[in-house]
Amino acid sequence: MDDSLQNNKNNRRKFLRISLLTGLSAVAAKTVFADIPVDPENEPGEMVTLLSPDGQLVKVPKEKINYMEKYISPEASHQGIPHRKFVMVIDLAKCKNARKCVEHCQKAHHLPPQQEFMKVYLMQESEEAAPYWMPKPCFHCDKPLCVSVCPVGATYKRSDGIVLIDNERCIGCKFCMTGCPYSARQFNWADSPYLHVDQPYSPETSVPGKEGTVSKCDFCPDMIRDGKMPHCVTACPMGVIYFGDQLEDIVTNGDETIRFSELITSRSGYRHLEDLGTKPSVYYLPPVNRQFPVERGFDQPDEINQRYKDVPFVKKMHKN
Amino acid sequence: MESNKRKQELLKEFLPQLEKTSFAWFAWVAFLLIAIFFAIYALILQILRGHIITGMRDNVVWGVYIVNFIFFMGISYAGALVSGSMHLFKTSWRGPILRIAELTTIVALFIGPLYILLCIGRLDRLPFLFMYPRIQSPITWDVIAITTDLFGCLIYLYLSFIRDFALMRDSKDIKLPKWRMNIYKALALGYQDTPTQRNRIKKVTDIMSAMIIAIAIIVYSVLAWIFSVTLQPGWHSTIFGPYFVIAAIFSGAGVILILMRVFRSIYHLEKYITKKHFVGVGMILMILSMFFAYFTFSEYLTKWYGSKKLDDNLIQILFTRYFWHFVFSNYVGTLLPIIIMGIPRFRTINSITFAAVVAVVALWVNRYLIVVPTLETPYMPIQDIRPDWILYSATWIEWSLTFGGIAMFCFLFTLAAKIVPIIPVSEVADAELEMSEVLAHGQDSHEATRTKSIIKHAAIKKEDHDQ
Amino acid sequence: MINKTRLFRQSLIVLLLTIVASFQLMAQETASSIELKALKNSDDSRIFNVKLTGESEAGAVPVFEATVDFYTIAEGKSELVGSAVTNKEGKASLKLGKETRYLKSKEGVAEVKTSFKGLGKLIGSEASVKFKELNLQVTLSEKDTSNTIHVKASSIGPNGEMIPLKETNFNLYVQGLFSKLKIGECFVDAGEGTFEFPNNIPGDENGNLKIFVRLEENEDYGEIEKAENAKWGNHRSGFAEPERSLWSSGAPIWMITTLIILLAGVWSHYIYAIVQLIKIRKEDKKIEQK
């Protein structure tokens with residue numbers, strides 16, 4: 001919502017919009033009527049389908065961000081956004097495995113279909129316990145073991161609580177992957193077209209990825225700097241994910257803005273595997289008074305549903 | 001000098017090994033080189049195509065490479081520990097096996113770290129380890145520890161070689177090309193076996209042997225801590241340091257036994273490496289296998305007895321998917337040395353060697369069971385449909401690099417045995433002399449050595465004072 | 001008879017065909033729809049936000065690069081006040097300063113209409129908002145420990161006289177990083193209302209807060225907002241990263257000391273060993289000299 005932004009942000013956006021429009025008219029001249037199917041592998045940039053003012057459906061490149069203007073170099077990315085401490089609250093009562101968070105995150109970070117910074121697990125603590133869907137990003141722990149074990153300082157904890165990876169420093173020893181108890185980290189096992197993106201690398205965007213290095217969810221600091229929330233937050237149709245600054249005690253899922261402390265205390269928020277002492281920055285609200293039955297989450301392609309075949313609940317479901 | 005004459009005699013006996021190269025030797029080296037080049041080919045493929053061509057994936061991020069790393073480093077530390085403690089405690093029969101132990105140390109120490117490099121995604125950034133080190137990381141500890149260990153072992157090894165280099169330089173019977181003789185001359189460092197020089201070597205070797213023992217223990221504990229500092233249920237264990245050290249000496253003693261057996265036949269060392277030596281090292285093997293069994297038992301007992309979900313998962317997998325691996329590595333591998341060494345009737349050179357082979361392979365499998373099943377049971381359940389993402393299985397790339405490493409070990413050992421006598425001539429001659437002196441004076445051997453060393457120390461002090 | 005019925009039938013078919021054809025013709029055209037929201041800002045300017053979408057098989061698709069015009073209309077009169085071009089999200093906005101004169105009805109109601117004329121196959125559309133002028137004053141006062149927000153609101157009568165606002169709820173917000181947090185409601189009657197500001201809102205690192213008083217979705221006055229800055233936050237000291245920890249760039253002191261002691265101990269022995277070897281070399285030279 002434009003009107004909900006601070007004035008300076010408004011101005012910046014306006015500036016962006018103007019620069020966009022000037023650039024756009026040039027692009028539009030070439031792309032009108034050019035409804036060419038796009039090869040997803042060799043996509044030059046993300047495309048959006050729009051209506052031209054004369055009623056033609058056209059595909060135009062999505063907002064080309066002027067990366068140099070906002071570029072945060074790997075060195076600069078060690079500094080957190082001042083006076084902030086970012087937290088995420090995930091309301092398990094609302095999640096129905098719609099996977100929009102996963103898809104938008106993958107798109108924004110140029111990830112291949114199988115690689116997910118945000119994963120959705122089907123959790124069931126015991127056979128009797130109720131199963132529930134659990135979206136899991138990187139927890140950006142306050143005591144990050146992954147950072148502790150890194151031999152070259154390629155991954156670091158910032159003052160704003162975000163844990164980033166500099167893939168220009170990473171030697172790919174994968175020690176951090178064994179150090180992370182939440183399986184948040186992924187290795188770029190091979191070169192792929194997804195790693196070739198024409199934009200300058202910044203640890204804040206994690207794009208482009210690099211073969212032989214580790215990558216993970218980055219809490220989208222590039223978006224935050226622009227006054228926007230991470231892609232997973234804005235993508236969720238259910239408003240499952242709240243994001244905000246713990247220091248100002250405000251989190252929002254886009255629709256609803258609420259005090260972080262109030263949300264956590266009133267809904268008995270918790271952190272996953274608290275006893276490991278890693279102090280995650282991601283909190284969960286327990287899956288009580290659910291908005292959807294858990295079965296709604298199986299409204300997915302087979303290759304997704306197959307993932308959960310070992311969960312006791314699913315096994316039982318198949319038996320009946 | 002009587003001892004010098006004996007030494008030259010002894011050296012003469014071993015000279016053919018250094019001078020002549022048989023067809024079989026070339027065939028053996030050619031075979032090893034083929035294996036090594038095949039491994040290099042696999043390595044090039046891995047570098048070109050990325051780690052995707054290994055069996056490693058996001059859950060099991062380390063596979064047989066890290067197993068080989070632990071394995072070779074273990075052998076190396078074991079060599080150092082065995083030779084260091086034999087020297088320090090003046091084991092009377094150490095002579096003929098010291099060099100094998102020392103060469104094992106240094107050769108394995110060159111190969112072990114190569115495997116950790118194979119786990120690294122970007123080899124081009126290796127200098128970063130030294131350019132931007134973080135002291136908090138156990139990998140940094142390991143880099144420092146291995147470098148320190150390498151230097152220490154090289155110095156120690158050199159100290160034990162110096163007298164033999166001098167012997168070879170002074171030998172009149174030796175038939176080697178001039179350049180090789182020049183190398184020996186340079187390496188001998190002008191050692192003339194004067195009492196001062198001899199005492200100096202003795203003193204430094206004593207210090208270094210103590211040093212090597214300490215370093216080996218610390219360095220191998222550091223390697224264990226790479227695993228145990230993480231929160232992984234199979235790794236996060238306080239006994240991992242000592243457990244790894246014991247396992248290392250266990251496997252190392254096995255490798256030394258195997259090498260003793262091999263060189264005994266090839267170089268016809270029946271006179272020098274006798275059953276006494278096999279029983280001696282075999283006893284070490286047995287004691288270590290008992291320690292190892294004890295550590296293994298207490299490690300898995302506590303996991304099994306407690307009811308933590310993830311520990312339970314791990315034990316489940318070890319006793320189902322990895323049942324036979326587990327039985328072989330932790331039952332057969334520990335019990336066989338105990339049975340063979342424990343019952344005197346079974347103690348033959350061949351049976352001891354067999355026990356050693358089984359122990360060494362079992363230890364390799366044991367490390368596999370420490371690394372792989374743990375990574376297959378992470379905290380977050382693996383919810384994936386890609387089979388290679390769920391279960392690890394090594395690809396031919398990894399196997400050829402594994403065998404390439406073993407070939408490399410054999411190759412370097414073969415070369416080393418061409419450069420220096422496999423039996424430390426000076427050491428053995430001195431020991432003989434000592435024994436004859438002891439026999440002549442009818443003294444208790446232990447007392448004799450003690451008196452001698454006191455005299456030697458006094459001599460050194462006097463020399464230093466004179467200067 | 002037969003001819004007649006045939007003629008009738010034929011004409012019926014023709015008629016039907018014409019209807020179908022015209023439907024098809026119409027179907028080729030695309031309907032558009034426009035949304036309009038207006039907000040009166042603190043500086044009494046107004047911002048008009050527009051979102052223009054077109055119907056397609058894929059659902060509502062944003063229309064980009066379309067010009068939308070804004071008119072002030074009252075009692076049949078209409079004046080153009082400005083126009084804007086939509087972006088790729090189909091959004092456009094127009095800001096009109098406080099000096100802008102809106103046409104008003106006798107009751108003092110102004111109406112702003114936005115219209116997209118349509119082009120080619122895209123059919124035009126319109127939307128409008130109505131509002132009355134409202135004078136809104138917000139003052140902040142601090143007394144001891146309690147902070148209070150005073151809201152004064154009055155509308156302007158047909159003769160320019162002030163009419164105090166009756167029984168209206170204003171929403172209070174503080175600005176967060178991404179959005180505004182609602183902290184409560186202020187009930188205004190007889191033109192006045194007060195609100196006790198909670199003392200546990202952190203604000204920014206200096207305790208600064210941006211407070212918004214908003215009238216929302218009001219039938220008569222539309223959306224009105226007034227912002228004030230106050231240093232009423234109780235911001236606690238922030239998230240301090242320990243200087244020397246396992247995960248910081250500097251290592252804990254004990255770790256560095258232990259490492260130095262260990263390395264110094266080991267390497268000094270190495271140096272000692274090497275020195276001894278050098279001595280051996282020197283002794284050899286001495287022997288040769290003798």
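Is B:Arg57 buried or exposed, and what is the relative accessible area of B:Arg57? In this predicted model, B:Arg57 is buried, at a relative accessible area of 7%. The legends below begin with this residue.

**View 1. Salt bridge between B:Arg57 and B:Asp388.** The closest N and O atoms of the two residues are 3.0 Å apart. This pair links distant parts of chain B, 331 residues apart: B:Arg57 belongs to the loop between α2 (23–49) and α3 (64–88), whereas B:Asp388 belongs to helix α14 (residues 387–390).

**View 2. Salt bridge between A:Glu248 and A:Arg84.** The side chains of A:Glu248 and A:Arg84 meet at an N to O distance of 3.0 Å.

**View 3. Salt bridge between B:Asp170 and B:Arg169.** In this pair the closest N and O atoms are 2.9 Å apart. B:Arg169 counts as buried, with 17% relative accessibility. B:Asp170 is partly exposed, with a relative accessible area of 37%.

**View 4. Network of salt bridges in chain C.** Five residues are shown: C:Lys40, C:Asp44, C:Arg46, C:Glu133 and C:Lys226 are linked through salt bridges into a network. Side chains of opposite charge can pair when their charged atoms come close. Over all chains, the structure holds 34 salt bridges.

**View 5. Interface of chain A and chain B.** Chain A brings 49 residues to the contact and chain B brings 42 residues. About 3700 Å² is buried between chain A and chain B, with carbon and sulfur atoms giving 61% of that area. Between these two chains the count of salt bridges is 0, whereas 21 residue pairs, both residues at pLDDT 80 or more, are in polar contact across the interface. On the side of chain A that touches chain B, the elements giving two or more residues are the strands β4 (119–123), β5 (132–136) and β8 (186–187), together with the helices α4 (145–149) and α5 (175–179). The residues of that side of chain A divide into 26 nonpolar, 14 polar and 9 charged.

Note on methods
Residues are numbered from 1 along each chain as its sequence is written. Chains are lettered from A and ligands numbered from 1 in the order in which they are written. This is a predicted model: local features need pLDDT of at least 70, side-chain atom pairs count only at pLDDT 80 or more; totals for chains, interfaces and linings use all residues. Side-chain values use heavy atoms; hydrogens and water are left out. A salt bridge is a side-chain nitrogen of Lys or Arg within 4 Å of a carboxyl oxygen of Asp or Glu. Helices (H or I, at least four residues) and strands (E, at least two) are DSSP runs, numbered from the N terminus. Buried means under 20% relative accessible area, exposed over 50%, partly exposed in between (1.4 Å probe, protein chains only). Contact means heavy atoms within 4.5 Å. Buried area is the accessible area (1.4 Å probe) that two parts lose on being put together, summed over both. A polar contact is a pair of N or O atoms within 3.5 Å; within protein, one must be able to donate a hydrogen and the other to accept it, and residues adjacent in sequence count only if both atoms are side-chain atoms. Ala, Val, Leu, Ile, Met, Phe, Trp, Tyr, Cys and Pro count as nonpolar, Asp, Glu, Lys and Arg as charged, and the others, Gly among them, as polar.
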